[in-house]
Amino acid sequence: MKLLLGLLFSFLFLSCSTPTHKNHLETPEQKEQPSEKQTTIPFKDIVKETWGLFDTVHRKVIVAAIYDRIYPFNNGGYPVQKRNAMGIIDQQGQVLLPINYQSILDFGDVFIVRKDGLSAALDKNLKPILPLAYPDIKYNDGLFIVQKDDKYGIFNKNKDVLIPFEYDVLGKYDDFFNNLIFAEKDRKQGLINEHNQAIIPVKYDFIVMMGQEYVAVQQDGKFGIYDYKGNIVLQIKWQDLKYLGHSLFAVKDDTGLFGVLNHKGKVILPFKYKSIECFDNDILTYLGKNNYEAIHLNTKKIVTASLMP
């Protein structure tokens, strides 16, 4: 069994638009209606390939097209890019955050900014939450995962240290691990909560999601299953395992044969198969010597087939 974790995060920024009477101006495709307080929209000078701001109330250009990019309006300001630097301006073009940052990530209620290889966290009013002093800061659901001296810890918005800088890796992702925190320390992995309490002890060679309800763990070449409450569902004693859905697991015993267990450890199919695969509501098993069985999970009907070599 191999672990393959891939995480890809993409941020697409699109601005709103209204018609304009100047032929050399272009506005981006509209995705959202401007908020009540927003009275300007970005426009593009298609000759210079630069961006400015257009006042939709007075129907005039209020900020000349001097920026390489203007990002969506939020909390009274526009993140802007000029050459390789970013900052934030208001609707009149006044600079709210100096245009000398390498990057700005806008999370709505929080900004993560980066400059000279260091990161900081700002609130929606651009007041510092965490200073520009950390090599890496990630934000998710009110928590800051912060790197310091090659170790990671976690702060909340009140600047309280929830988890000290003791982990080699910390990760919190909306669609992974039931919103718990992935932790790695001394090359061992597990899951913790925001109070640094171990849900799955940080002692396994690796952990990986099994559907939306279970986590597979490996220790000393053996595999087992936890649920997200920290209960051991299947003991860590199997040579291999795979999740079939429906709270069923195909597991390989010490003889090298597969069987099927449910989430309570009950044997559903005996250990006599060389391989087991699942397709929707059907399990296909291989007995060897070109002999197969197809088992329907709902009806429990078994169909045996033999394929000639």
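**Strands and hairpins of a predicted model**

Visitor: How many bridges join β21 to strand β22 (residues 214-219)?
Guide: β21 and β22 run antiparallel. Within this pairing, Val 208 stands opposite Ala 216 in β22. Two strands count as paired if DSSP finds at least two bridges between them; for β21 and β22 the number of bridges is 5.

Visitor: What do the numbers rest on?
Guide: This is a predicted model, in which local features need pLDDT of at least 70 and side-chain atom pairs count only at pLDDT 80 or more, while totals for chains, interfaces and linings use all residues. Residues are numbered from 1 along each chain as its sequence is written, and side-chain values use heavy atoms, leaving out hydrogens and water.

Visitor: How many strands does the protein chain have?
Guide: Helices (H or I, at least four residues) and strands (E, at least two) are DSSP runs, numbered from the N terminus. The protein chain has 0 helices. Its strands number 32.

Visitor: Which strands stand at the edges of the open sheet of 4 strands?
Guide: The order in this sheet is β21-β22-β23-β24, with antiparallel pairing. Two strands have a single partner each, so one side of each lacks a neighbour in the sheet. They are β21 (206-210) and β24 (232-238).

Visitor: Why is strand β15 (residues 151-156) largely enclosed by the rest of the structure?
Guide: Buried means under 20% relative accessible area, with exposed over 50% and partly exposed in between (1.4 Å probe, protein chains only). β15 is largely enclosed because, of its 6 residues, the number buried is 5.

Visitor: Which residue in the turn between β15 and β16 has a positive phi?
Guide: β15 and strand β16 (residues 161-167) run antiparallel, joined by 3 bridges. Phe 155 has Val 161 in β16 as its bridge partner. The two strands form a hairpin with 4 residues between them, and the residue with a positive phi, about 70°, is Lys 159.

Visitor: Which residue is the bridge partner of Lys 148 in β15?
Guide: Strand β14 (residues 143-148) runs antiparallel to β15, with 6 bridges. The hairpin they form has 2 residues between the strands, and Asp 149 in its turn has a positive phi of about 55°. The partner of Lys 148 is Lys 151.

Visitor: Which residue takes a positive phi in the hairpin of β25 and β26?
Guide: Strand β25 (residues 240-245) pairs with strand β26 (residues 248-252) in the antiparallel sense over 5 bridges. Gly 245 stands opposite Leu 248 in β26. With 2 residues between the strands, the one with a positive phi near 60° is His 246.
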